[in-house]
Amino acid sequence: MRRSKIIAIEHYLPEITLSNKTLENQFPNWPAEKIVRKTGIEKRHLARENECASDLAEKAAIKLFKSGICTPQDIEFIVLCTQSPDYFLPTTACLLQDRLGIKQEAGAFDFNLGCSGYIYGLSIAKGLIETHQVNNVLLITAETYSKYLDDNDVSTRTIFGDGATATYIEAEKEGNNSLIGPFVFGTDGSGKDNLIVKNGASKHRADHSVADKLFMNGPAIFSFTIKTLPNAINQLLKKANINIHDIDHFIFHQANEYILSYLRDKINIPSHKFYINLKNYGNTVSSSIPIALQEALSTGVVKKEDRVMLVGFGVGYSWSACLIYP
Amino acid sequence: MTKNDFYKALDEVFSLASGTITGKELLSDSNLVDSLSMLGLLLMLDKKFNLQMSPDEIKAIGTIEELFYATEKAVAQS
């Protein structure tokens, strides 16, 4: 059986940072100490005004190439996850092909998902490789939610940060056990209004009677999460025919520490197996899981032979979970 | 859990000094129950009482005292 494997991950964070102290100066009823206690976040990175998702993506990909793992000429397919593309059209992945010097024979497309996006991207890459359509995929996540945020919305400005990741996935020698997968997926579009940017696309084109900025109903999203995720995780364990104790590490989408701690305790995951790292990044949407995975690998918390469960959930509502051997 | 203990737990959830909550506060008051406080409340109800409620269900209850009685009733019935 042909297999696919994550070979390397790199990430890029914009240089501008927003600290809790700066938020406290603007919102005096929201002291820095309370922010970190309630959310686990101390700072988040923000794209400059003229810095877009493609710019962050390009820098993440260049870091990958500089590591020597692969070259632009090696890449056979680009899959890019973003909800803040440079343009409605053309596809941001096409821009990247040109700017990175990737061969014209490579395929490239964007897909629009948020916090579940990295896992969906892994499944797409696995499908492309294991059906022999390509030998490798460059999976990019690139998000600049900061461009959608209302300056006066303390909740969203506290939570969200910008960032991009580049993951190189390649065909692996034949074997019986999957190195990426299995997967479970889930969708509930009835939750669409709880995390939404209403204005600017086809439904309300530049209609300023409709809210321009990102709206988030955090408590409703939390309710959806606690209702949905434990069941999704059980489905994945059943699909893999293992139990929860067989997982070495869990990396969830880094939404906020409140939700993460709750889920960890609710699902009975030991703390030492449950990775949380949003302190210096905030919620970077589809980039949060790969940033956490890369950090966990580079610090030795996660070893290459470990069995890791990735769990993504959020805007849509959309959710997904998978097992990997990184 | 006594009513007093319930109120004290909510003082913590809403980051208020102990003894601040009197029970007469409205759950729909966004100055008291902002989105992170509502998250904390949902968490507390789930962890301490195994109760899953939506934010809209909580706001519809009325006051904090009414929430206490609703919680007591739900726990007794479970």
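Two residues are taken to be in contact if their C-beta atoms, placed from the backbone, lie within 7 Å. The model is predicted, with local features requiring pLDDT of at least 70, side-chain atom pairs counting only at pLDDT 80 or more, and totals for chains, interfaces and linings using all residues. Residues are numbered from 1 along each chain as its sequence is written, and chains are lettered from A and ligands numbered from 1 in the order in which they are written.

By this contact criterion, A:L310 touches A:I119, A:I251, A:I289, A:A321, A:C322 and A:I324, leaving aside residues up to four places away in sequence. A:L310 is also among the residues with the most contacts inside the largest nonpolar core, together with A:A57, A:A61, A:I78 and A:I140. This core has 111 residues (a nonpolar core being a set of buried Ala, Val, Leu, Ile, Met, Phe, Trp, Tyr and Cys residues joined through C-beta atoms within 7 Å; buried means that 20 or more other C-beta atoms lie within 10 Å of a residue's own). Helix α7 (residues 218-240) of chain A gives the most to the core, eight residues. The core lies between domain 1 (3-172) and domain 2 (180-324) of chain A, because both give residues to it; domain bounds come from an automatic or database domain assignment.

The centres of the two domains of chain A, taken over C-alpha atoms, are separated by 15 Å. Their contact takes 45 residues from domain 1 and 42 residues from domain 2.

Between the chains, twelve residues of chain B are in contact with twelve residues of chain A.

Note on methods. A residue is buried if 20 or more other C-beta atoms lie within 10 Å of its own, exposed if 12 or fewer, and partly exposed in between; C-beta atoms are placed from the backbone. Helices (H or I, at least four residues) and strands (E, at least two) are DSSP runs, numbered from the N terminus.
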